[in-house]
Amino acid sequence: MGRPRNIEEVERLRDTAFELFAVKGLDATSYSDIAKNAYVTKSHVQHYFPKKEMLVTLFVERSMEAVLKIARELPEFEAMDPLSKLVYVDYIQYYYAMYNEKMFRMSMDILLERSVTQAVIDAGIEFDLLHLMKYDEVSHPDELEDVLRFLYGGIYDRLYDCKSKGSDFSIEQYIAYGVRLLQPFVSTDVPESIVDGLKDLGPWLDERKAKYNRAMFGMR
């Protein structure tokens, strides 16, 4: 049997929205735009996605899946401890969000809209918790969630502040800080060389940018 029709319709509308996000950005993409490009009515789109934040959550989930596949191409990735893997995944997610022209406009829209930012943070926290708990190394998951919320909230606030003022933002610095905050909740230590090596990933990630864009938008 095939997949239920409503699931296929959700995926079709979702993919239409993602393609528009890449071209117009999140803020400029309306329900009417999605409906027109999907050949349905506006109310049809709103039936499946009453809030745009729902589409944003699905977008982040797809992005994390695409990023994880790219991270696994690193020769050393599978041998890393769970927290080190998360460091790489989160860094790659940030890199493509901020240095990929297909994502940049949407990323700026996310920073400008508090409710959308919150949806992104919630989706990221869920991914991180599931990743760490999968390895059965996490103690006090409720406290860990609070720490992640504090960490991501601070990163997004600082990132917005830096971008609005045109100042530099060092994600490596915040990742190093985050590792120190998360370390008490996992049973392994993250080597300093992991964080120090992030800044050298740029050219390697640029070579795989087209692969990321195809996974997200079906384009180069």
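This is a predicted model: local features need pLDDT of at least 70, side-chain atom pairs count only at pLDDT 80 or more; totals for chains, interfaces and linings use all residues.
## Helices H6 and H12

H6 and helix H12 (residues 209–217) pack with their axes 10 Å apart, at an angle of about 60 degrees.

Which residues make the contact? On the H6 side they are Glu-101, Lys-102 and Met-103. On the H12 side they are Lys-209, Tyr-212, Asn-213 and Phe-217. By class, this contact of H6 with H12 has three nonpolar residues, three charged residues and one polar residue.

## Helices H4 and H12

H12 also packs with H4. The axes of H4 and H12 come within 10 Å. They cross at roughly 145 degrees. H4 passes H12 in a right-handed crossing.

H4 brings Phe-59, Arg-62, Ser-63, Ala-66, Val-67 and Ile-70 to this contact. They meet Lys-211, Tyr-212, Ala-215, Met-216 and Phe-217 in H12. Sorted by class, the contact of H4 with H12 has eight nonpolar residues, one polar residue and two charged residues. Tyr-212 and Phe-217 of H12 take part here, and Tyr-212 and Phe-217 also belong to the contact with H6.

## Helices H5 and H9

Now take H5 and H9. Their axes come within 11 Å and cross at roughly 150 degrees. Angles over 145 degrees count as roughly antiparallel. H5 and H9 are therefore roughly antiparallel to each other. H5 passes H9 in a right-handed crossing.

From H5, the contact uses Leu-83, Val-87, Tyr-91 and Tyr-94. From H9, it uses Ile-171, Glu-172, Ile-175, Val-179 and Leu-182. How do these residues divide by class? Eight are nonpolar, none is polar and one is charged.

## The cavity

How many cavities of 30 Å³ or more are there? The count comes to one. The largest cavity has a volume of about 610 Å³. Its lining is made of 34 residues. Those nearest its centre are Asp-90, Gln-93, Tyr-94, Tyr-152 and Tyr-156.

Which helix gives the largest share? It is H5, with eight residues. By class, the lining of the largest cavity has 27 nonpolar, five polar and two charged residues.

## The largest pocket

The largest pocket holds about 260 Å³ of space. It is lined by 16 residues. Met-64, Leu-68, Phe-127, Leu-130 and His-131 are the closest to its centre.

Where does the lining come from? H4 and H7 each supply at least two of its residues. The largest share comes from H7, with six residues. The lining of the largest pocket divides into eight nonpolar residues, one polar residue and seven charged residues.

## Putting it together

How values were computed. Residues are numbered from 1 along each chain as its sequence is written. Side-chain values use heavy atoms; hydrogens and water are left out. On a 1 Å grid over the protein atoms alone, a cavity is a set of points where a 1.4 Å probe fits but cannot get out, and a pocket is an open set with protein on both sides within 12 Å along at least five of seven lines; lining residues have an atom within 4 Å of a point. Grid points are joined across faces, edges and corners, and a volume is the space filled by probe spheres set on the points. Helices (H or I, at least four residues) and strands (E, at least two) are DSSP runs, numbered from the N terminus. Ala, Val, Leu, Ile, Met, Phe, Trp, Tyr, Cys and Pro count as nonpolar, Asp, Glu, Lys and Arg as charged, and the others, Gly among them, as polar. Axes are lines fitted to C-alpha atoms, for helices over the stretch in contact, and angles run from 0 to 180 degrees between N-to-C directions. Angles under 35 degrees count as roughly parallel, over 145 as roughly antiparallel, 65 to 115 as roughly perpendicular and the rest as oblique. A crossing is left-handed if the near helix is turned anticlockwise from the far one by less than a right angle, and right-handed if clockwise. Contact means heavy atoms within 4.5 Å.
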